[in-house]
Amino acid sequence: MEEPVPTPGWRRLAGMREIGLILIILALFAAMSFASPYFLTWENMRAMAMAFAVEGIVVVGMTILLISGGIDLSVGSVTALAMVIAGLLFLNGVDPWTASLIAILACAAIGAIMGFFVTKVGLHHFIVSLAAMVIARGACLLGTGGRPLGLFTLPPEFKFIGQGSIGVIPVVIIIFILVVVAFDFMLRRTTMFRKVFYTGSNEKAAAYSGIRTKKVIFLTTTLCSALCGVAGVIYMARFGSAQPTFGIGMELNVIAAAVIGGASLSGGSGTILGAILGTILLSVVSSSLALLDVSVYWQDIIRGSILLAAVTIDHYLSKRRG
């Protein structure tokens, strides 16, 4: 019997989705360096990194949830709710760190409630998270009267996590890198997170093999909402305010970034690195469109088209995998 010929390392490397994304990002950088003199400036690079870093934390949670076979449409509303809860507690005399911890736990509780309805009641993630999106946004508007909360008296040490830098590197980016490295390691190396892949690939087969799939789905749903809480607290420290309308449309960017990076809407595949590259790609596209003075309406159309293209490719690849 003829033995299979091993694939050369360089060919496997060239076939990785992440390599393709890196090449596209580099091509965009090269094109924009000629199209706009402001694109490669330190100020624009810093603003772009600050923009995708916090949203990238939510992308990490969404990617793990997508791999397990779920989806969450409420990430924007829950992120805003974290800002509102922490902001209201602070204005009522609670220490900002304690207020932030309570806000993150509240977001995790929202994820746990969604996980309950998915795993115990049997509802689909899409419907449950759609309801959570509306409820969380309503709670934001109810708690603030629809007006932003000015948090001008936040202590400098708290603002530092959103506005400070260590050397020339913003703290936000350092937090983002730590979150990415930690969850990428756990997803690749730990047995607990490998169960997320098995559950997303084939929930029934995973259950027959002894994996408590409902527990996996419950925990990934809770984790995604908790990371929204972390992002909300960082946004509050960065802006020095809590905005009840913040995050409208965030779910589009977050899902698009994860899918562009290789996470499948059918579950069972995806990487943190790919999702982060997808986030960077969307951020570069947004920055480029803004610098080229493209209408905001066209920007929405272009972002939606990118999502449609990514989902179409994912659907095609899923059919090929059978």
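A: Let's start with charge: the mean positions of the 21 positive and 14 negative charges of the protein chain lie 7 Å apart. Lys and Arg count as positive, Asp and Glu as negative, while His and the chain ends are not counted; each charge is placed at NZ of Lys, CZ of Arg, CG of Asp or CD of Glu.

A word on the ground rules. This is a predicted model, where local features need pLDDT of at least 70 and side-chain atom pairs count only at pLDDT 80 or more, though totals for chains, interfaces and linings use all residues. Residues are numbered from 1 along each chain as its sequence is written, and side-chain values use heavy atoms, leaving out hydrogens and water.

The protein chain has 14 helices and four strands, taken as DSSP runs numbered from the N terminus (helices H or I, at least four residues; strands E, at least two). Buried residues make up 48% of its 322 residues, where buried means under 20% relative accessible area with a 1.4 Å probe, protein chains only. Of the contacts (heavy atoms within 4.5 Å) with a separation of 6 or more, 78% join residues 24 or more positions apart.

On to the core itself. The largest nonpolar core has 87 residues, and V60, I64 and F183 have the most contacts inside it. Such a core is a set of buried Ala, Val, Leu, Ile, Met, Phe, Trp, Tyr and Cys residues joined through side-chain atoms within 4.5 Å. Helix 3 (residues 42–67) supplies the largest share of this core, 14 residues. Leaving aside neighbours within four places in sequence, V60 is in contact with V179, V180, F183, L227, I272 and I276.

S225, in helix 11 (residues 213–239), counts as buried because its relative accessibility is 0%. Not counting residues up to four places away in sequence, S225 touches D72, V78, C107, A108, I110, G111 and M114.

The other is T199, in helix 9 (residues 191–201); with a relative accessible area of 3%, T199 is buried too. Beyond residues up to four places away in sequence, T199 touches S68, A206, I211, T213, V216 and I217. The C-alpha atoms of T199 and G268 are separated by 7.0 Å, even though the two sit 69 residues apart along the chain.

Technical notes: Buried means under 20% relative accessible area, exposed over 50%, partly exposed in between (1.4 Å probe, protein chains only).
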